[in-house]
Structures are given as structure tokens and as C-alpha cells.
Amino acid sequence: MDSRLHIIAGFKQGSSYVKDLYVSPPFRVVSVGQRKNDRKLYQIVMSTSPGILCGDRYQLDIALEKGAQLQLQSQSYQRLFNMKNDAVQQLTISMEDDTSFAYVPHPVVPHENSNFKSKAEIRIGTNSQVIISEIITCGRKHYGEFFKLKRFQNLTQIYHKNKLVLKDNVIIQPDLIPISTIGNLEGFSHQGTFIFYSTKENVDKNVLVDTIHSVIESQNEMEIGISAMEDNGFVIRTLGHGGEVMYNFFVKVQEILWELE
């Protein structure tokens with residue numbers, strides 16, 4: 001199935017709003033039920049499909065006009081079903097100046113023989129920030145599926161002023177790269193990546209890293225590392241045995257960053 005989601009977030013009279021929205025099945029986009037009074041825009045991406053199937057081609061295009069602040073949320077865990085061939089997702093995010101975008105989705109659950117490639121291309125303006133994450137699980141562990149997927153790839157690229165400022169490429173292919181070896185997952189069943197990048201002059205990545213370290217210290221169910229970028233941003237890597245714990249941690253970090261002015 002070829003499916004498309006298109007959102008334009010506008011900004012008017014101090015508030016962010018949905019300026020344009022188009023979806024094709026199985027996508028749905030709805031406003032978050034509990035509205036906040038910060039005048040930012042909160043939307044949930046939903047799907048009428050039980051998961052991503054063989055041959056699916058998802059195209060997600062998101063644009064933020066000057067001043068807009070958009071936080072996307074996911075409905076539930078994303079299942080990748082058994083595939084003879086593959087499935088592909090393309091996420092394109094265009095951010096004008098003075099914008100903020102955040103997307104911290106629920107974990108991905110790859111079933112046996114799934115083959116999925118996701119690519120995100122983000123173009124960020126001046127005085128703006130982006131938050132994006134991804135959690136990959138081992139699959140249906142209670143069904144005996146411990147990384148029995150064919151291949152999983154998630155490529156994220158962030159550009160500022162047409163310059164590539166970050167490239168993150170996560171590939172899991174158990175038949176070529178043994179999943180439990182040193183330097184790989186080493187026995188863990190879940191891996192998470194959280195990316196924050198800012199072009200705001202008043203945001204100090206070192207102060208933020210110290211703040212998030214205090215959150216990390218309260219976590220004892222995961223292995224967590226944080227690496228500051230050369231520019232104003234950082235990447236958090238997590239390893240653990242539970243998707244919900246990892247997801248809740250990412251949401252907590254998102255809350256800290258989302259409040260930045």
C-alpha cells in the first residue's frame with residue numbers, strides 16, 4: 001500500500017495550528033485530547049492498520065512555518081509483519097526559522113522475517129530545535145522471536161543551511177552482524193536512539209547534558225550514554241530489556257527540552 005501523510009503547521013496570533021492536513025489510508029491525525037495552554041500544537045498520528053506489511057510505502061511530509069511549534073505523538077507500538085520483500089518509510093521535515101518539532105514514538109516491534117527501511121530527512125531553520133527518537137525491540141520475545149527479523153534500518157539526516165550537521169544510521173541485520181557480540185547489543189533486547197539538535201543561541205548543550213545526567217542517574221533498568229555533538233546538540237543511546245521503560249525515559253527527556261524557549 002502506498003500511503004501518505006502531509007501536515008503543515010502554521011503560526012498566527014501567537015499560536016500554532018494545523019494549516020493544512022492530508023492523509024490517505026491507513027493514516028489518521030487527531031488533536032491530543034488534553035490540550036495544554038502553551039499555545040503549541042500537539043497531534044497524534046494514528047493508523048487503522050495493525051502494522052506495516054510487505055510492500056507498504058509510507059511517505060510522511062511535515063512542514064513548520066515560521067514560529068510554529070509541533071509535537072507529534074504515536075498511537076501505540078509499531079509492528080513490522082513477516083515480509084517476502086520489504087517495506088519503506090520516508091519522513092521529510094521542513095522547518096522554517098523560529099520553529100520547534102518533536103517526535104518521540106512508541107517502540108518498533110519487528111516480527112520474524114520483517115525487512116524495513118526508514119529514512120528521515122530534516123531541514124532545520126535558524127533559532128529552531130528538533131527532537132526525534134526511535135526504539136527498536138527484539139520482536140515478539142514471548143513467541144520465541146529474538147531478533148529473527150531479516151533487516152532493519154533507520155537513517156536520520158539533519159541539515160542546516162544546506163549543510164549536513166548530523167547523520168545517524170542504525171542497521172540491524174542478524175545474519176551479517178551477530179546481535180549479541182561485543183560492540184553490538186551484547187545480550188540486550190532493546191535499543192534506543194534520542195537525537196536533539198538546536199540552532200538557538202541561548203541553548204547551551206553542556207548545561208542540558210548535565211541536566212539529563214541527573215535524570216539518567218535515577219535510571220537503573222537501562223544502560224544509557226549521552227554524547228554531545230560538535231554543534232549545539234547531543235545523542236542519547238540506550239540499551240535495555242523493556243520498551244516501556246525506555247519510552248517513558250525518552251518522554252521525560254522530551255518534556256525537559258520541549259519547555260526550552
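Predicted model: local features only at pLDDT ≥ 70, side-chain atom pairs only at ≥ 80, totals over all residues.
Helices (H or I, at least four residues) and strands (E, at least two) are DSSP runs, numbered from the N terminus. Residues are numbered from 1 along each chain as its sequence is written, and side-chain values use heavy atoms, with hydrogens and water left out.

- M83 is buried, at 1% relative accessibility; buried means under 20% relative accessible area, exposed over 50% and partly exposed in between (1.4 Å probe, protein chains only).
- Not counting residues up to four places away in sequence, M83 touches I52, L53, C54, N113, S114, N115 and K150, where contact means heavy atoms within 4.5 Å.
- M83 and Y22 are 61 residues apart along the chain, and 28 Å separates their C-alpha atoms.
- S3 belongs to strand 1 (residues 2-12) and is buried, with a relative accessible area of 3%.
- Leaving aside neighbours within four places in sequence, S3 is in contact with S24, P25, P26, F27, R57, Y58 and Q59.
- S227 sits in strand 16 and is partly exposed, at 46% relative accessibility.
- If residues up to four places away in sequence are not counted, S227 touches F234 and V235.
- From C-alpha to C-alpha, S227 and E134 are 16 Å apart in space, and they are 93 residues apart in sequence.

**Helix 1**

- Helix 1 (residues 205-216) has twelve residues and reaches 16 Å from its first C-alpha to its last, close to the 16 Å expected at 1.5 Å a residue; the expected span is 1.5 Å times one less than the number of residues.
- The buried residues of helix 1 are K205, L208, V209, I212, V215 and I216.
- These residues lie on the same side of helix 1 because they cover an arc of only 110 degrees around the axis, the arc being that of the directions from the helix axis to the C-beta atoms.
- Strand 15, strand 16 (222-228), strand 17 (233-240) and helix 2 are among the elements that cover the buried residues of helix 1.

**The largest pocket**

- The largest pocket has a volume of about 620 Å³. On a 1 Å grid over the protein atoms alone, a pocket is an open set of points where a 1.4 Å probe fits, with protein on both sides within 12 Å along at least five of seven lines. Grid points are joined across faces, edges and corners, and the volume is the space filled by probe spheres set on the points.
- Its lining has 34 residues, of which Q78, Q89, Y103, P105 and V108 lie nearest the centre; lining residues have an atom within 4 Å of a point.
- Elements giving two or more residues to this lining include strand 4 (41-47), strand 8 (87-95) and strand 15 (190-198).
- By class, the lining of the largest pocket has 18 nonpolar, 14 polar and two charged residues. Ala, Val, Leu, Ile, Met, Phe, Trp, Tyr, Cys and Pro count as nonpolar, Asp, Glu, Lys and Arg as charged, and the others, Gly among them, as polar.

**The second largest pocket**

- The second largest pocket has a volume of about 370 Å³.
- Among the 24 residues that line it, V32, K36, Y42, Q71 and Q73 are the closest to its centre.
- Helix 2 gives the largest share of this lining, five residues.
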